[in-house]
Amino acid sequence: MTKTAFIAGLMALAASQAAAGDIQIDISGVDAGRGGVIHILAFDDKTAFDQSQMAKIVGYAKIPASGSTVSGTLENQKPGQLAIMIHHDQNDNGQFEMKGPIPQEGWAYSKGAGVRSLPAFEDAAIEYDGNTSSLGLKMNYAN
């Protein structure tokens, strides 16, 4: 490898690392009396989001449901479209509890999507520029 190719490779690596940033997620409307934890998940793939393929998330944070407003951070997120999904896992079992079609635990999506039904990726996707930033979401509860 030539010295020029080596330096170009280092510059490309530095640029790709510099392009990733953190997103602080501020969640309001949390019913802390329900206990448990909040899962924050980020998807950059339409199919993975639309089919809830958790193995394909590109960002994750787990925080205690300790107050009416809580915050968590998705670290090292690359620029591009992201859809954020929030789940208030009251019993901390990693499952989104349903009773028929009615959610038994809290949820939220980026852009306020999914209040009445599961959103598609396009409904929840935000354009993320790679800079450290914050995003506010409001928790929803069916009961």
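Predicted model: local features only at pLDDT ≥ 70, side-chain atom pairs only at ≥ 80, totals over all residues.
A few totals to start. The protein has 143 residues, and 36% of them count as buried. Its accessible surface is about 8,000 Å², with 53% of that belonging to carbon and sulfur atoms. If you take the contacts with a separation of 6 or more, residues 24 or more positions apart account for 71% of them.

Now to one of the sheets. In what order do its strands lie? The order is S4-S1-S10. These 3 strands form an open sheet, and the pairing is mixed. At the edges are strand S4, residues 70–77, and strand S10, residues 133–138, each of which pairs on one side only. On average, neighbouring strands of this sheet are turned by 25° against each other, direction ignored.

Let me stay with strand S1, which covers residues 21–28. S1 and S10 pair in the parallel sense, over 6 bridges. If you want a place to look on screen, find Ile23, which stands opposite Ser133 in S10.

Next, the aromatic rings. How many aromatic pairs does the structure hold? There are 3. One of them is Phe43 with Phe49, an edge-to-face pair with 5.5 Å centre to centre and 80° between the planes. Are these two residues buried or exposed? The cut-off for buried is under 20% relative accessible area. Phe43 is at 0% relative accessibility, so Phe43 counts as buried. Phe49 has a relative accessible area of 3%, and therefore Phe49 is buried as well.

Phe49 also forms an aromatic pair with Phe121. This pair is edge-to-face too, at 5.9 Å centre to centre and with 70° between the planes. Where do the two partners sit in the chain? Phe49 is in helix H2, residues 46–50, and Phe121 is in helix H3, residues 121–124. They are 72 residues apart, and the pair links distant parts of the chain. Both Phe49 and Phe121 are buried.

Which residues make up the whole cluster? Ring pairs link Phe43, Phe49, Tyr109 and Phe121.

To recap, we have looked at an open sheet of 3 strands with mixed pairing, and at a cluster of residues linked by ring pairs, with Phe49 among them. That is where I will stop.

Notes:
Residues numbered from 1 in each chain as written. Heavy atoms only, no water. Pairing = 2+ DSSP bridges. Helix = DSSP H or I, 4+ residues; strand = E, 2+ residues; numbered from the N terminus. Axes fitted to C-alpha atoms, helices over the stretch in contact; angles between N-to-C directions. Buried < 20%, exposed > 50% of the residue type's maximum accessible area, 1.4 Å probe, protein only. Contact = heavy atoms within 4.5 Å. Areas by Shrake-Rupley, 256 points an atom, 1.4 Å probe, with all protein chains shown as cover. Phe/Tyr/Trp six-rings, centres within 6.5 Å; stacked < 30°, edge-to-face > 60°.
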